[in-house]
Amino acid sequence: MSWTKVLSVDELSDGKRQVVKIGDRKILMINNSGKIYAVSNSCPHLKLPMKKGKITEDCAIVCPFHRSVFSLETGEVKQWSTFPPLVGTFLGKVSSPKPLPVFPIRVNEGHIEIDIDS
Ligand code: FES
């Protein structure tokens, strides 16, 4: 494992989100009800940014563009490109369903670290 320090814990309080850059990757950091997640900021559908995605009650993130839904815990696809009606389904066929990359995190001496290599 290769841990990279990205933010202090204070910078990501409950309900906050922030995009950090590691190399050429953009990682979306989210604090959802006190639990921290690190996911790719690039939607696996058409590579559009996930930053403004809504968080659901069952801990998933909804892409703000065509409303694909991914588990924040595992990145599993729960729904694939359903918006707008009809067009979203067509767009969903442009790219087959793929999980959202998720990354392990740990808190070390007041800082959030992520491992993007595992
Ligand atoms: S870019 Fe995210 S669902 Fe299309």
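Biologist: Is Thr89 buried, exposed or partly exposed?

Modeller: Thr89 counts as partly exposed. Keep in mind that this is a predicted model.

Biologist: Why partly exposed?

Modeller: Because Thr89 has 14 C-beta neighbours inside 10 Å. Buried takes 20 or more, and exposed means 12 or fewer.

Biologist: Which element is Thr89 found in?

Modeller: Helix α1, which covers residues 87–92.

Biologist: And what does Thr89 touch, leaving out residues up to four places away in sequence?

Modeller: Ser81 and Thr82.

Biologist: Where does Cys43 sit relative to Thr89?

Modeller: Cys43 and Thr89 are 46 residues apart in sequence. In space their C-alpha atoms are 16 Å apart.

Biologist: Zooming out. How many helices and strands are there in the protein?

Modeller: The protein has 1 helix and 11 strands.

Biologist: In what order do the elements run?

Modeller: From the N terminus, β-β-β-β-β-β-β-β-α-β-β-β.

Biologist: Now the overall dimensions. What box do the C-alpha atoms fill?

Modeller: Roughly 50 × 25 × 20 Å, along the principal axes.

Biologist: What about the radius of gyration?

Modeller: The protein has 14 Å. A compact globule of 118 residues would be near 13 Å, so the value agrees.

Biologist: What share of the residues counts as buried?

Modeller: 25% of the 118 residues.

Biologist: Last one, contacts. What fraction comes from residues 24 or more positions apart?

Modeller: Such pairs account for 37% of the contacts with a separation of 6 or more.

How values were computed. Residues are numbered from 1 along each chain as its sequence is written. This is a predicted model: local features need pLDDT of at least 70, side-chain atom pairs count only at pLDDT 80 or more; totals for chains, interfaces and linings use all residues. Helices (H or I, at least four residues) and strands (E, at least two) are DSSP runs, numbered from the N terminus. The radius of gyration is taken over C-alpha atoms; the globule rule is 2.2 Å times the number of residues to the power 0.38. Two residues are in contact if their C-beta atoms, placed from the backbone, lie within 7 Å.
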